[in-house]
Amino acid sequence: MARAANSNGEAAESCGLGRASPDQRRFIAAIMTVSAADDMLEQGDRAGAITAYRKAIEICPPCNERGSFQILLAIIHFENGEVDAAAEALRAASLHGCIYPHEALRYLGFVHAAKGEYASAIAAMTEALAAGEDAAFAAQALMIFDLAQDGVGAALHRAEFDLAGSKPEYLCRHALLRAELHRLDGNRAAAQASLDLAATMARDDGLSVELALWLAVLDQSFGRALMRPDVGAAFAAEPESWPALAWKILQGDGARADLEAVLQTLPWTQRAENLAIFDRLQGLLAEKAGDLDTARTCYRRAQTEPHTRWCADYHIAALDVRRVEESL
C-alpha cells in the first residue's frame with residue numbers, strides 16, 4: 001500500500017481524500033496503520049505491532065474490516081502465548097462482525113483448548129464449521145479436542161466426518177492424525193491405510209515439508225524401508241526449513257540444540273509447538289529402536305508447555321507415555 005508522501009495533506013488531496021467523509025478518512029488511516037503494523041511484525045517488533053493494531057481498531061469506524069483487524073491482533077497475542085488477550089479480541093470480532101467469521105471462531109477454539117477448556121473449544125470449532133470453515137480442518141481440530149476430553153474412541157468416531165470439498169492439505173493432515181489414532185488404538189492395518197491415504201491426498205496439492213516430516217516418521221516407525229518419493233522431494237525443496245533439519249537430527253545428523261537455535265526466530269507459540277512435534281516424533285523413533293527410557297523422556301518433554309494443549313502432539317504424547325511406562 002502506498003504511504004503518504006508527507007504530513008501536510010498533499011498526498012491525500014492528490015488521491016481525492018480531501019473530499020472523503022470523516023468515516024472514509026478514518027478507514028484509510030486505519031488501513032495505513034495496519035500496514036505499519038505488518039511492517040513491524042516483519043522486523044520482529046511484536047510489541048509495536050500490537051500497539052499499532054490496537055490503534056487501527058480504535059481509529060476504524062464500525063465495519064467488517066475492523067473485526068478482521070481484531071482477528072489479526074488476536075493471532076499475535078496467541079502466538080505470544082497471551083491467550084486471555086487473544087480471547088478478548090476474538091470475541092470482539094465475533095460480536096461486531098468480520099469478513100470471515102469462521103476465522104475468529106477457529107482461533108477461539110484453539111484459545112479455549114490452550115486453556116484446557118475442551119468443551120468450549122469443541123463448541124467454537126463446531127460453530128466455525130457451520131460458518132464456513134474447511135470440513136477437514138475443523139474435523140482435525142475436533143478430533144484433537146475429543147482426544148483430550150474423551151479419549152481415542154471419541155476422536156476416532158469424529159474421524160468419520162463428511163470431508164467433501166476440503167483442501168488436499170487438510171485432508172492429508174486429517175489422514176495423518178487418523179493414522180496416529182489407529183496406532184494408539186492398536187489397529188496397525190488401519191493406521192497404515194491412513195498413511196497411504198495421506199500420501200495420496202498430498203499428491204493432489206504437493207506435500208508441505210512439515211507434513212513430509214510427520215509422514216516420514218510414521219512410515220519409519222511402522223517399518224517402511226524406503227522413503228516415499230514425495231517426502232524426499234519435499235525435504236529437498238526446503239533444505240533449510242526446520243522440518244528438514246528435524247529430520248536430519250532424527251536420523252542422527254545433529255542435536256536438538258541445533259533445532260532450538262533455528263526456532264529462536266519464530267514466535268513463542270510456533271516455537272513451542274514445533275519443539276513438541278519434534279520431541280514426540282523423536283520418542284516414536286526411540287521406541288521403534290527399543291530405547292523405551294529415551295522414548296519416555298521425549299514424550300514427557302513434548303508435554304512441558306501446557307499452552308500447547310491445542311496441538312495433537314501434546315495429547316498423543318500423554319498416551320504414549322502411559323503405554324511406554326506400562327512396558328517398563
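Contact means heavy atoms within 4.5 Å. This is a predicted model, where local features need pLDDT of at least 70, side-chain atom pairs count only at pLDDT 80 or more, and totals for chains, interfaces and linings use all residues. Residues are numbered from 1 along each chain as its sequence is written, and side-chain values use heavy atoms, with hydrogens and water left out.

**View 1. Leu176 and its contacts.** Not counting residues up to four places away in sequence, Leu176 touches Leu195, Ala198, Leu211, Trp214, Leu215 and Leu218.

**View 2. The largest nonpolar core.** A nonpolar core is a set of buried Ala, Val, Leu, Ile, Met, Phe, Trp, Tyr and Cys residues joined through side-chain atoms within 4.5 Å. Buried means under 20% relative accessible area (1.4 Å probe, protein chains only). The largest such core has 108 residues. Phe145, Leu176, Leu213, Phe235 and Leu259 touch the most other members. Helix 8 (residues 135-150) gives the largest share, 11 residues.

View 3. Helices are DSSP runs (H or I, at least four residues), numbered from the N terminus. After helix 4 comes Gly81, with a positive phi near 85 degrees.

**View 4. Gln70 within helix 4.** Gln70 lies in helix 4 (residues 64-79). Its relative accessibility is 13%, so Gln70 counts as buried. Leaving aside neighbours within four places in sequence, Gln70 contacts Ile57, Ala89, Ala92 and Ala93.

Key. Helix = DSSP H or I, 4+ residues; strand = E, 2+ residues; numbered from the N terminus. Buried < 20%, exposed > 50% of the residue type's maximum accessible area, 1.4 Å probe, protein only.
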